[in-house]
Amino acid sequence: MIAGKVLGRTAAQGALPTLRAATDPAVGNGDYYGPGGFLGLFGGPAKVRSSETSHDADLQRELWEVSERLTDVTYPFGS
């Protein structure tokens, strides 16, 4: 498919933002890395803003609760 060849990334390219986030000493707590080029589709790894959905506190709490329930692991964090 042509769109996949134009917009797609290799596995190695897809791994670069994660590798940078894990190894760059300048990365801060809560930083998010992805492709730094046009529309976040191209380019090398760069600090970018995560999606609006990822900043939704209610969804974050729900995901955490579902994860605890499905793994049967609970952490004693304050509310």
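Which residue's side chain meets that of Arg-49 in a salt bridge? The partner is Glu-52, with 3.3 Å from N to O, where a salt bridge is a side-chain nitrogen of Lys or Arg within 4 Å of a carboxyl oxygen of Asp or Glu.

## Basis of the model

This is a predicted model, in which local features need pLDDT of at least 70 and side-chain atom pairs count only at pLDDT 80 or more, while totals for chains, interfaces and linings use all residues. Residues are numbered from 1 along each chain as its sequence is written, and side-chain values use heavy atoms, with hydrogens and water left out.

## Salt bridges

The structure holds four salt bridges, including the one between Arg-49 and Glu-52. Arg-49 is exposed at 57% relative accessibility and Glu-52 is exposed at 58%; buried means under 20% relative accessible area, exposed over 50% and partly exposed in between, with a 1.4 Å probe and protein chains only.

Another salt bridge joins the side chains of Lys-47 and Asp-31, at 3.3 Å from N to O. This pair links distant parts of the chain, 16 residues apart, with Lys-47 in strand E2 and Asp-31 in the loop between helix H2 (11-23) and strand E1; helices (H or I, at least four residues) and strands (E, at least two) are DSSP runs numbered from the N terminus. Lys-47 counts as exposed at 57% relative accessibility, whereas Asp-31, at 24%, counts as partly exposed.

## Helix H3 and its ends

Helix H3 has 15 residues, which at 1.5 Å a residue should span 21 Å, and its end C-alpha atoms are 21 Å apart, in agreement with that value; the expected span is 1.5 Å times one less than the number of residues. Because Arg-61 and Asp-58 are three residues apart in helix H3, about one helical turn separates them. Arg-61 is partly exposed, with a relative accessible area of 45%, and Asp-58 is exposed at 54%.

Just after H3, Asp-72 takes a positive phi of about 55 degrees, and at 72% relative accessibility Asp-72 counts as exposed. Most residues other than glycine have a negative phi.

## The aromatic pair

A search of the whole structure finds one aromatic pair. Trp-64 and Tyr-75 form this pair, which is tilted, with 5.9 Å centre to centre and 50 degrees between the planes. The two residues are 11 apart and link distant parts of the chain, Trp-64 lying in helix H3 (residues 57-71) and Tyr-75 in the segment after H3. By the criteria used, rings of Phe, Tyr and Trp (its six-membered ring) pair if their centres lie within 6.5 Å, and planes under 30 degrees apart count as stacked, over 60 as edge-to-face and the rest as tilted. Trp-64 is partly exposed at 42% relative accessibility, and Tyr-75 is partly exposed at 45%.

Phe-38, Leu-39, Leu-41 and Phe-42 make a nonpolar surface patch of about 420 Å². Patches consist of residues with over 30% relative accessible area and no salt bridge, with like charges joined within 9 Å and nonpolar side chains (Val, Leu, Ile, Met, Phe, Trp, Tyr) within 5 Å; accessible areas come from the Shrake-Rupley method with a 1.4 Å probe, and for residues only the protein chains shown count as cover.

Leu-39 is found in the loop between strand E1 (33-35) and strand E2 (45-47), and Phe-38 has its place in the loop between E1 and E2. Phe-38 is exposed at 59% relative accessibility and Leu-39 is exposed at 68%. Leu-39 also has a phi near 55 degrees, a positive value in a residue other than glycine.
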